[in-house]
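The sequence and the model come first.

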Amino acid sequence: MRIHRSNPKANFTILPNGFLKNRRLSLLARGLLAYLMSFSDSTHQDIKTLAAENPEGQQAIARAMRELTAHGYLIRRRFRDEAGKMRTVVDVYDPPPARPPRHRPPGHLGSREAEPW
């Protein structure tokens, strides 16, 4: 196989090979993680938005999100904001932290009320 690469000067993402070659992750999960890593911090992305913008359906994206969560690349925290509304914060990691971070948003409900992907 021959690889032909472009040489972008702007609007590009640098990704480490670690997760891209992690055979424990499906190709869909690796691609989704690469896609998520291309966004700036605090970008809003959820399963519905991702499904609307890409050919994969909500079920496939949800499955990839669960896979990334199981391997520590995504950590999802739910909390109630000042107005009492439920909010979700998703942290995307590469590499996954050795231990999940202890920081929790104010009013965090804990894992018993967190919904799975």
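R77 has a relative accessibility of 11% and therefore counts as buried, the cut-off being under 20%. The model is a predicted one. R77 lies in strand 1, and its side chain meets that of D91 in a salt bridge.

**Hairpin**

- Strand 1 covers residues 74–80 and strand 2 residues 86–92; the two pair in the antiparallel sense over seven bridges.
- Five residues separate the two strands of this hairpin.
- In the turn, G84 has a positive phi of about 90 degrees.
- The residue of strand 2 that stands opposite R77 is V89.

**Salt bridges**

- The count of salt bridges comes to two.
- In one of them, R77 and D91 come to 2.1 Å, N to O.
- R77 is in strand 1 and D91 in strand 2, so this pair ties together parts that are 14 residues apart in sequence.
- D81 and R87 also meet through their side chains in a salt bridge, at 2.9 Å, N to O.
- D81 has a relative accessible area of 16% and is buried, whereas R87, at 38% relative accessibility, counts as partly exposed.

**Aromatic pairs**

- The structure holds two aromatic pairs.
- F19 and Y73 form an edge-to-face pair, with 6.4 Å from centre to centre and 65 degrees between the planes.
- F19 belongs to helix 1 (residues 17–20) and Y73 to the loop between helix 4 (58–70) and strand 1, so the pair ties together parts that are 54 residues apart in sequence.
- Both F19 and Y73 are buried.
- Y35 and F39 also form an edge-to-face pair, at 5.0 Å centre to centre and with 85 degrees between the planes.
- Y35 is partly exposed, with a relative accessible area of 29%; F39 likewise counts as partly exposed, at 27% relative accessibility.

**L28 in helix 2**

- Helix 2 spans residues 27–37 and includes L28.
- L28 has a relative accessible area of 31%, which makes this residue partly exposed.
- Neighbours within four places in sequence left aside, L28 is in contact with E56, A60 and A64.

Methods:
Residues are numbered from 1 along each chain as its sequence is written. This is a predicted model: local features need pLDDT of at least 70, side-chain atom pairs count only at pLDDT 80 or more; totals for chains, interfaces and linings use all residues. Side-chain values use heavy atoms; hydrogens and water are left out. Two strands pair if DSSP finds at least two bridges between them. Helices (H or I, at least four residues) and strands (E, at least two) are DSSP runs, numbered from the N terminus. Buried means under 20% relative accessible area, exposed over 50%, partly exposed in between (1.4 Å probe, protein chains only). Contact means heavy atoms within 4.5 Å. Rings of Phe, Tyr and Trp (its six-membered ring) pair if their centres lie within 6.5 Å; planes under 30 degrees apart count as stacked, over 60 as edge-to-face and the rest as tilted. A salt bridge is a side-chain nitrogen of Lys or Arg within 4 Å of a carboxyl oxygen of Asp or Glu.
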